[in-house]
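I am opening a notebook on a structure that I have not looked at before. I will write down what I looked up, entry by entry.

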Amino acid sequence: MAAVPTLARRIARSGVRPLCRWPLSWGRASRQPPGLPLAPCRAFSNNKILVELDESSGVAMMKFKSPPVNSLSLDFLTEFCISLEKLENDRACRGVIFTSAVPKIFSSGLDITEMCGKSMEHYAEFWRAVQEIWLRLYGSNMVTVAAVNGSSPAGGCLVALSCDYRIMVENPKFSIGLNEAQLGIVAPFWFKDTFVNVVGHRIAERSLQLGSLYPAPEAFKFGLVDELVPEEKLQEKAMAVMAQWLALPDHARQLTKSMMRKVVLDRLVAHREEDIQNFISFISKESIQKSLRMYMDMLKKRKS
């Protein structure tokens, strides 16, 4: 059996490129004293994600820029992991706002092409990367805010759910939810646990069984998102929420977050390899592969 490239190897060869310093233009709430030059914003980029860290506020912006729909491919997940790890290790960074640089979409979720017609080794590598992103994001010491400026089904919804706070554009055309059941896929237990912790057991149970996608107003109604704002106010609101959370001492907030999330995180850590094998066994079934192929064909017809 061929050796599966580890996430570390993928990170090493991903080629993240440091960029020059520039002032952050995305709704900045700077603490820079008036009359002095702006504190530098350190930025780094790769093919699918742009990160800008404003050192004066301690806030980073992570923008998904993988058109057409910011799907969570193996490459995207690897770059996401790199970016998050860089920020976690940067003492200047205390919080991250996640948003999309692609109009009308936050993230479409897991890339179906990564789960269809590939080898068992590929499925294992892909699912390990999905696990890694969730473990890092859900367990992050930083304040994390999702500024959801478009639709966010399935894995895109999981990214938002994993953050500390979710703000969504109040556009009824934008929807969010864990809709895996519509594709014949079962959301794994850690998707479910994250969902239950946000909306409660009954809403999560009904939503997961039906594969429900909720328009923004309905998502707000039962707490899937915390606030709705006009699109032109999203950046400003995200910065205001971040400032509110960062006003607290980091250690107290971090310990509280760990206390609230540790059980869920530990459960995946303890069963990580078993979860990977369950995914491989499930996704490689011919009935599931057939459903995925039909879904991909439907998407191709829509485009044409």
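Which residue in strand 12 is the bridge partner of isoleucine 167? I looked this up and found glutamate 227.

**Entry on the model itself.** I note that this is a predicted model, in which local features need pLDDT of at least 70 and side-chain atom pairs count only at pLDDT 80 or more, while totals for chains, interfaces and linings use all residues. Residues are numbered from 1 along each chain as its sequence is written, and side-chain values use heavy atoms, with hydrogens and water left out. The pLDDT, which is the predictor's confidence in each residue on a scale from 0 to 100, averages 87 for the protein, and 85% of the residues score at least 70. Residues 1–5 stay under 50, and for them the model has seven contacts (heavy atoms within 4.5 Å) beyond four places in sequence. Over residues 11–39 the pLDDT is also below 50, and this stretch has 61 contacts in the model beyond near neighbours in sequence. I keep in mind that where pLDDT is low, the predicted coordinates should not be read in detail.

**Entry on strand 9.** Helices (H or I, at least four residues) and strands (E, at least two) are DSSP runs, numbered from the N terminus. Strand 9 covers residues 165–169, and five of its five residues are buried, meaning under 20% relative accessible area, with exposed being over 50% and partly exposed in between (1.4 Å probe, protein chains only). I checked both faces, and found Tyr165, Ile167 and Val169 buried on one side and Arg166 and Met168 buried on the other. Two strands pair if DSSP finds at least two bridges between them. Strand 7 (residues 143–148) pairs with strand 9 in the parallel sense over four bridges, and here valine 145 has tyrosine 165 as its bridge partner. Strand 12 (residues 227–229) also pairs with strand 9 in the parallel sense, over three bridges.

**Entry on the pockets.** On a 1 Å grid over the protein atoms alone, a pocket is an open set of points with protein on both sides within 12 Å along at least five of seven lines, a cavity is a set where a 1.4 Å probe fits but cannot get out, and lining residues have an atom within 4 Å of a point. The largest pocket holds about 1,200 Å³ of space, and of its 44 lining residues Ser108, Leu110, Ile112, Leu183 and Tyr295 are the closest to its centre. Helix 11 gives the most to this lining, with six residues. I sorted the lining into 23 nonpolar, twelve polar and nine charged residues.

The second largest pocket has a volume of about 340 Å³, and among its 15 lining residues Asp164, Trp245, Lys257, Met260 and Arg261 lie nearest its centre. Helix 5 and helix 9 (250–270) are the elements that give two or more residues to this lining, with helix 9 giving the most, five residues.

**Entry on the cavity.** How many cavities of 30 Å³ or more does the structure hold? I found one, and the largest cavity has a volume of about 60 Å³. Its lining includes Leu72, Leu110, Trp134 and Ser162, and helix 3 gives the most to the lining, with four residues.

How values were computed:
Grid points are joined across faces, edges and corners, and a volume is the space filled by probe spheres set on the points. Ala, Val, Leu, Ile, Met, Phe, Trp, Tyr, Cys and Pro count as nonpolar, Asp, Glu, Lys and Arg as charged, and the others, Gly among them, as polar.
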